[in-house]
Amino acid sequence: MEQYVKYLRKSQFDRDYAELSVEETLKRHDAILDRLAQERGYYVAKTYQEVVSGESIAVRPEIQKMLEEVSAGLYAGVLVVDVERLARGNGADQAYISQVFQFSGTKIITPQKTYDPTNEFDEEYFEFGLFMSRREYKTINRRLIRGRDSSAAEGKYISSIAPYGYTRVKLPDEKGYTLAPHPQESLAIKKIFEMYLGHSGTKVIANYLNDNNIPTRHGGLWTYSTILQIITNPVYMGKIRRGWSRQIKTVEHGAVKKHTRRSRDMQAYHIYDGLHPALVSEADFAKAQEIRDSNRSAARVKNSFVLMNPFAGLLFCAVCGQRVARTTLSASRNHKARLRCVNGRNCHNVSADYDAVEREIIAALRSWLQGYKVKIDTIGYADEIAAATRQLQSTRQQIDRLTAQLDNAFDLVEQGVYTLQTFQTRRAKLTDSIEKAEDKCARIERLLSEFKTEQTARQALIPHTEELLDCYDSMTNAERNALLKEILEKIEYYKGADGEIVINLYPRLPKIGGV
């Protein structure tokens, strides 16, 4: 019996259902495809719903799962309301989707047309449809960008989240939003600029706000980087900036990755007069930028970066969870290196000499390695593999029985033994049981694969750790750091009032999932 699958996805550029929510649109599309399946007598085995946005299939997990099953030849056809639901992405995505359907011989079925990828004319028509949907996507996207640019030029606030110090309010009698000062947050903004114009540093300002219990919007601690972001944001002098944050696409390991790049130079992006009131004057904002530029010019810049802390990115405070960083004491204290929690003003974890912490970490690694070798030698997975194999065989037999019962239900409805209502109830129950059993099979197969590879993965940690311990003294800090990151997920540090240093290691052990 041939099986079909439905694929539902709402585009952000839908014109017909622009006023509807994602759930309402998908429900309407589902009803359209249900009618199509009933009219043509298709048995729909599964429905995929895409609720994430994104032009690339790399960020759409449901279509990835569906294409994997289509590639395996599980379905005779895929039902969609139109071909653009499958892909509006780049040419590589469209070529990949076209090949998956062509090589598997799977049809693309829409209410308007059925595309048979094995037919030369249908194949060209399908590829042309994908090409045109991509062009339409780019055209609509350009219009959206022009619309947002126009709104910014009119002084409207176009982002969905108001910056700290403001609330987002709807403009009366017209489209768009502007900003209104937040009663408490706006006072904090004015204090920040007042202190900065008085030549207080960003760290001093952050400490002042934390010490006076002035909350951030989300309840966290103020940091110097947050203060700097506020100081350089022209929204506080009543302006709207546009083009300061850009999305950069790169190809990494065959997949398209998106990165956000923000410009620090105000000359590199557009600034418009906003409709919202300023919290600081333009003169004060300009003076703040002058102070910032002078501080940047006075900062010492190293010709080359040399990593001084081999535990960078790995060492965390056991009390508050913040980073533990390396610092250097003054010349009067012999430039002694120490490790301390970056949240030292609010955390009571005591700092310690760098050399003492390093010795404790190396000792903890040696102790862990000895115990780990014993564990590797005494623990295996033969029993687990055998049990999972038996369970997999039993589940596959269950699927065969359920499939036979479903085929029998089709025969009974054709013979008139089952009414249509009885058949639909029976089919729904059997289909649900089959899907659950198939999901269980997939989980067991993944578990078997993990059991078979886990021993090898665990054993790989041993030579890495032995290499680190044997060659630690002759390595650079960068080499130590790279090898430590292959062995450990993180290191927790604690030093109590009694002076005892406690180190907790979190090795990168493979994780076995459950059925």
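What follows is a set of questions and answers on this predicted model.

Q: How many helices and strands does the protein chain have, and what share of its residues is buried?
A: The secondary structure comes to twelve helices and 17 strands. Of the 515 residues in the protein chain, 38% are buried, a word that applies under 20% relative accessible area. Among contacts between residues at least 6 apart in sequence, 63% join residues at least 24 apart.

Q: Why are H5 and H7 called roughly perpendicular?
A: Helix H5 (residues 185-197) and helix H7 (residues 224-231) pack at an angle of about 95°, and their axes lie 11 Å apart. Angles of 65 to 115 degrees count as roughly perpendicular, and the pair H5 and H7 is therefore described in that way.

Q: Which residues make the contact of H5 with H7, and how do they divide by class?
A: From H5, Ile189, Ile192, Phe193 and Tyr196 meet Ile227, Ile230 and Ile231 of H7. The residues of this contact divide into seven nonpolar, no polar and no charged, with Tyr counted as nonpolar in this scheme.

Q: How do you know that H6 is roughly perpendicular to H7?
A: The axes of H6 and H7 come within 8 Å and cross at roughly 105°. Because the range for roughly perpendicular is 65 to 115 degrees, H6 is given that description relative to H7.

Q: What are the classes of the residues in the contact of H6 with H7?
A: Thr202, Lys203, Ile205, Ala206 and Leu209 in H6 meet Tyr224, Ile227 and Leu228 in H7. By class, this contact has six nonpolar, one polar and one charged residues.

Q: Is glycine 201 buried, exposed or partly exposed, and what makes it so?
A: Glycine 201 lies in the loop between H5 and helix H6 (202-211). With a relative accessible area of 33%, glycine 201 is partly exposed, because that term covers values between the 20% limit for buried and the 50% limit for exposed. Its C-alpha atom is separated by 9.6 Å from that of leucine 228, which is 27 residues apart from glycine 201 along the chain.

Q: Why is asparagine 213 called exposed, and what is its phi?
A: Asparagine 213 is found in the loop between H6 and H7. Its relative accessibility is 66%, so asparagine 213 counts as exposed, the cut-off being over 50%. Asparagine 213 has a positive phi of about 55°, although it is not a glycine.

Q: Why does aspartate 173 count as exposed?
A: Aspartate 173 has its place in the loop between strand E6 (166-170) and strand E7 (177-181). Its relative accessible area of 85% makes aspartate 173 exposed, since the word is used for values over 50%. The phi of aspartate 173 is near 65°, a positive value in a residue other than glycine.

Q: What makes E13 and E15 the edge strands of their sheet, and how are its strands paired?
A: Three strands form this open sheet in the order E13-E14-E15, with antiparallel pairing. E13 and E15 are the edge strands, as each pairs on one side only. Strand E13 (residues 324-328) pairs with E14 over five bridges, and valine 324 stands opposite cysteine 341 in E14. E14 pairs with strand E15 (residues 352-353) over two bridges, where leucine 339 stands opposite alanine 352. Two strands count as paired if there are at least two bridges between them.

Q: Why is strand E14 described as largely enclosed?
A: Four of the five residues of strand E14 (residues 337-341) are buried, so the strand is largely enclosed by the rest of the structure.

Q: How are E16 and E17 joined, and in which sense do they run?
A: Strand E16 (residues 488-495) and E17 run antiparallel and are joined by seven bridges. The bridge partner of lysine 490 is tyrosine 506 in E17.

Note on methods:
Residues numbered from 1 in each chain as written. Predicted model: local features only at pLDDT ≥ 70, side-chain atom pairs only at ≥ 80, totals over all residues. Heavy atoms only, no water. Buried < 20%, exposed > 50% of the residue type's maximum accessible area, 1.4 Å probe, protein only. Axes fitted to C-alpha atoms, helices over the stretch in contact; angles between N-to-C directions. Parallel < 35°, antiparallel > 145°, perpendicular 65-115°, else oblique. Contact = heavy atoms within 4.5 Å.
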